[in-house]
Amino acid sequence: MVLVTGGAGYIGSVTAELLLAGGVQVVVLDNLSRGHREAVPPEAPFYRGNIGDRQVIERIASEHEIEACIHFAAFAYVGESVADPARYFENNGRQGIALLGALLDAGVRRIVFSSTCATYGEPLKIPIPETHPQQPANPYGWSKLLMERVLESYDQAYGMKFVALRYFNAAGATGRLGEWHDPETHLVPNVLSAAQGRIPSVAVFGNNYPTPDGTPIRDYIHVADLASAHMLALQYLRAGGASEAVNLGNGKGYSVLEVIETARRVTGRTIPLNIEPPRPGDPSRLVANAEKARHVLGWEPKYRQLEDIIRSDWEWREKHPRGYSSP
Ligand SMILES: NC(=O)c1ccc[n+]([C@@H]2O[C@H](COP(=O)([O-])OP(=O)(O)OC[C@H]3O[C@@H](n4cnc5c(N)ncnc54)[C@H](O)[C@@H]3O)[C@@H](O)[C@H]2O)c1
């Protein structure tokens, strides 16, 4: 059995579904602060609770034989972390460390951890390799880097093996599951909400960056490709692999305006945009060097074109115009 924390969230629910389809038994822990109960695969036992609640972890471990934990549960809004860092260090840091302690006590020593390209900060070179210095530009990035460092020490001291997957920008949907947050801070869902007329326009934060069209460049990776990387990371740890940090991206960058233009083509809708001031701590370019994921995990993303990633989300929204019915 694999414990999936944050399995009611966007990437966690897609991964839980893929694991189950691959014959891996899954138990989900989520407090539903940002997730949706109906996103949890119906086959998975569900526990509503906090990752920092030792008693819940003890209960899960006594009711199921947990061989590994895929740890998604976290708060993940950069702007919110700048405004209220205490919330981020408490939820992602303190509770994350409590989770690791409870897992150690339960004898669980394999962890796949959701890290982020936000641990690099403003890049010194593009594409960004895993060896790039980590100097986060916001408390969210620091809370994730903190967890990476804790995992490294726990590996050295207690033999806890981990793969920290540093995702670039997740996007896209599967047949049943998609990205639905309130508030939504990610570009692709906001662009498609504007295409649906759910919001009047898309905010473009800054158009004076040192990029060809002045808007920031990001590397978009399909959520199903992220999910498959988790499956491979689990297999890697089961096979006795050493702890690693691994980037997950497509290695190709698109500007904000290119994303909007692609969404206009895919949806055939007009998508109004609104130029707003740049957000503090937003680097101009974040593009992954994702070679390591290929040779260490044998990972090969299936969605290479931004158009296909956006189309999958659009198809999901057309089927689920109001997203999930549960909060
Ligand atoms: N979406 C991206 O582009 C992206 C990029 C890099 C890293 N990440 C990381 O991937 C992970 C998943 O991201 P997502 O986009 O699916 O986010 P999400 O908000 O959709 O999912 C996170 C889930 O964790 C739950 N949760 C949060 N704190 C909890 C706690 N203390 N106890 C129990 N449950 C808790 C929420 O209810 C939610 O269901 C996060 O750790 C995030 O930092 C996401």
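Me: Which residues have the most contacts inside the largest nonpolar core?

Reply: A nonpolar core is a set of buried residues joined through side-chain atoms within 4.5 Å. In this predicted model, the largest such core has 46 residues, and I11, L19, V26, L165, L248 and W299 have the most contacts inside it.

Me: Which elements supply at least two residues of this core, and which gives the most?

Reply: The helices are α1, α7 (223-238) and α9 (291-297). The strands are β1 (2-5), β2 (26-30), β4 (68-71), β6 (161-167) and β11 (244-248). With 9 residues, α7 gives the most. Another core, of 27 residues, lies apart from this one and includes V56, I66, A73 and L100.

Me: Leaving aside neighbours within four places in sequence, what is I11 in contact with?

Reply: I11 is in contact with F72, Y167, A170, V223 and L226.

Me: Now the ligand. Which residues come nearest to it?

Reply: There are 31 residues around the ligand, and D30, F72, Y140, K144 and H181 come nearest. The side chains of D30 and K144 each have an N or O atom 2.6 Å from an oxygen atom of the ligand. I51 uses its backbone: an N or O atom there is 3.0 Å from a ligand nitrogen.

Me: How much of the ligand's accessible area does the protein cover?

Reply: On its own the ligand has 820 Å² of accessible area, and the protein covers 96% of that.

Me: What kinds of residue form the shell, and which element supplies the largest share?

Reply: The shell has 13 nonpolar, 15 polar and 3 charged residues. The largest share, 3 residues, comes from β5. Elements supplying at least two residues include α4 (85-105) and α5 (139-158).

Terms used. Residues numbered from 1 in each chain as written. Predicted model: local features only at pLDDT ≥ 70, side-chain atom pairs only at ≥ 80, totals over all residues. Heavy atoms only, no water. Near = heavy atom within 4 Å. Polar contact = N/O pair within 3.5 Å; in protein donor to acceptor, adjacent residues only side chain to side chain. Areas by Shrake-Rupley, 256 points an atom, 1.4 Å probe, with all protein chains shown as cover. Helix = DSSP H or I, 4+ residues; strand = E, 2+ residues; numbered from the N terminus. Nonpolar A, V, L, I, M, F, W, Y, C, P; charged D, E, K, R; others polar. Buried < 20%, exposed > 50% of the residue type's maximum accessible area, 1.4 Å probe, protein only. Contact = heavy atoms within 4.5 Å.
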